[in-house]
Every structure is written in structure tokens, then in C-alpha cells.
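Have the model open while you read.

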Amino acid sequence: MALNAGRPRRITVLGSTGSVGKSTVALLDAAAEGEFDIVALVAGRDWQGLAAQARRLRARHAVLADPAQYAKLKEALAGTDTQVAAGPEAVIAAASLPADWTMAAIVGAAGLPATMAALARGGVLAIANKETLVCAAEPVLAMARTGGATILPVDSEHNAIFQALDTRDPSAIAKIILTASGGPCRNMSMQEMAAVTPEVAVRHPVWSMGAKISVDSATMFNKGLELIEAARLFPVPESRIDVLVHPQSTVHGLVQYTDGSVLAQLGTPDMRTPIAHALAWPARMAAAVPPLDLIALGKLEFFAPDPVRFPALRLARDALRAGGGAPTILNAANEIAVGLFLEKRLRFLDIATVVEETLSRLGAPEAADLPAILAHDAAARSQAGLIAESRAALV
Ligand code: MG
């Protein structure tokens, strides 16, 4: 299967040693010779992981954000044709190199400058970092228009909706529906949730993920952020985006049309599927994912999310409707609260309390450009810290 007629597709992976980055590299590694040409692999500080990937894929550039690891990376890649660099400017330079397809998988706000550089030079940008669209939607989407870049969502729910969405007539889209596994607290009482520890919160029933996103799944802030992400990506207002709890995590997203048709994307819960979809788009490629076995699964269940035990969805809708910097503030306050919870300095149910209080204190200030967004992010972090401190006395 040829993805690009005539020449290999030129690929850059931003965040190649994280979880999504590793899956992307594994798919590139398994592809046929000549299918892909690896322009740049960019990582944070894991020089060993990056050097191994660069050797394996014969990457033209290997770049670390942390300049302190430069010498080790340089030595590990001695004798190869890979060019080595390190530091924040080198990361932006790597993201600016001509490429047809870029994976944006650097975690958190740290990935924003490189993502903007990749958008500015055009091509396809696969976005795995949801904070990019939650916090910086206006500048990111404006840069995509300027650079002529195409954004493809990699988050499994949004990738599912992208696959099921027919945008030729936006007025025919009645609703888009994101599914949520419900996380480890799905069947807990309020009292049980009050006693949830970091160990319980990170034990996700279906997906294996990092600590932050696992806690977000337990509080359902992950789905709240995804609701905001969906409103940024798709031509559908917040009022027509629904969330459905679906413990089997097999139906990843659905689109309901005005004629009553509902199109859904199903699959074994495995991030390699949405990554492969984005990597091969508009074609498809093999991803070595276990095929979905609906007979073995037997049943698919769906429930309405409980707004009392999971206030995160309401807070995300409020932030989206308020607009401006409110989603940035929600995201930053949640990051601070989750960090304190993981350090056992904040109780599980106080994560949402801290976010709600931060939102009510800071409101929805104007957020049209990156400096304004970064200022709201910083203000929300310090405000959330103060609020959490007053709650932490209760732990
Ligand atoms: Mg998701």
C-alpha cells in the first residue's frame, strides 16, 4: 500500500519517547521500506530512548529539549548520519523542517511552541496533546489556517468522531457523542469517592495511561477537557455535544444525523488504531491491533454520567460557554489540583472544588493570543495553589 504516490511521506514526531510517541515510532518501524522518511524525532530528556529510535528509523535529526543531555545523545549517535541538537530553539527548528506529517505528542504547555512551528510550515498535524486545543484554540487554529496545515485528532474519541463525521452539510449533524469508560470510580458512592487515594485513582479499568490522565479519568475531568477539545475541532456547539458512559470502551465516538442515522467508530481500546488512522490518512495501514471480537465481548452498555459525583463535565461546559481564558484556567487549576492529590496533599473530591473556585475567582478574561493565554495559565496555577492550600489543612 502506497500512502504517498511516488515518494515516502516525510515524518516528524514531537514527543517521540512518550506513550503516544513510542506507539507512533513502532508503527513507523513496522511499515514497509520506503513508505516513510523520518525527518526529525524530538524528545524531552530521554537520550537513550531517542538514540535507539533514531538508529532504528534512520532519522535525519534527533533533538532533545534538555540541553544538558546533548553530549550523551551525540555520543550515542556517533557514526550515524543522524544530526543531533538540543535545547528549546533546536526543538522549534526541528518542528519547522519541511515534513508532510507531524505528530504533536509533547505533554502539556511545553509542546505549544513546537506545535505552532509545525502548523506554520503546513502539512498534516496529528494532535495527541489535548491541552493544545483546550488552552490555545484561537492561536492554534489561526496558525493552521495561515500555514495551510490540516489538523487530525489522535485522541481516541475525537479520532472516532472524525472518522464518522460528514461535514458536507453541518446542519445535518444533530449531535456528536463522546464515550467515557467511567473510570475506576464509576460505581462508587460519594463516601467511597471521598476516600479515594492516588493508588486507586491511577488503576484504570481499560486503558493503561500516565498518572495525570488516569486521575483525570477518575474525576471525569479528562472527558470535560475532551468536550472542550470536541467543540474546538468540530462544527458543533457545546449544547449538541453529549457524553455517554460506556464501560467497555469499544464504541469510541458517535455522530447522530438529523435523519436519525447514528454513525459510530468501534475498535479494541488501543491507541495504535487512532495513531495509525492519522498516520495513513486518507489511506489506511495495518496496526497489529487485536481485532475487535464482539461475540467475546457479548454486550455493550451505556449510562448517563452522574452530574453529582462527577461535577467535572458541568465545569467544562461552564468554561466553554464562558469562553475566553476560562478553559485555560480550568485546565491549569486541574493540573495543580491533580498534582497535589498525587502528592497526597489534597483529597480526591477537592480536585473539582479547587477547579470550581479558581474559575469563579478568575472568570473568563480575553485570550486571543499566546502571551495572554500563558498569563491566564500562570494566574490560574497560583490561584489554584492558594485555594488548595486552604483545603489541604483538611487532609
Ligand atoms: Mg480520550
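## A strand on the inside

Keep in mind that this is a predicted model. Start with strand β2, residues 36-43: seven of its eight residues are buried, so the rest of the structure largely encloses this strand. Here, buried means under 20% relative accessible area.

Which strands pair with β2? Strand β1 is joined to β2 by six bridges, and four bridges join β2 to strand β3. Both pairings are listed here.

| Pair | Bridges | Direction | Residues opposite each other |
|---|---|---|---|
| β1 (residues 9-14) and β2 | six | parallel | R9 and F36 |
| β2 and β3 (residues 61-64) | four | parallel | A40 and H61 |

How does the chain get from β1 to β2? The path goes through helix α1 (residues 19-30), and this β-α-β crossover is right-handed.

Between them, domain 2 and domain 3 bury about 1,400 Å², with 81% of it on carbon and sulfur atoms. On the domain 2 side, P198, K212 and F221 supply 37% of the area buried against domain 3, more than any other three residues.

What about charges? One salt bridge is found across the interface of domain 2 and domain 3. Elsewhere on your tour, look for E199 and K344, whose side chains meet in a salt bridge at 3.2 Å, N to O.

Key:
Residues numbered from 1 in each chain as written. Predicted model: local features only at pLDDT ≥ 70, side-chain atom pairs only at ≥ 80, totals over all residues. Heavy atoms only, no water. Buried < 20%, exposed > 50% of the residue type's maximum accessible area, 1.4 Å probe, protein only. Helix = DSSP H or I, 4+ residues; strand = E, 2+ residues; numbered from the N terminus. Pairing = 2+ DSSP bridges. Right-handed = clockwise from strand over helix to strand, strands pointing away. Buried area = accessible area lost by both parts, 1.4 Å probe. Salt bridge = Lys/Arg side-chain N within 4 Å of Asp/Glu carboxyl O.
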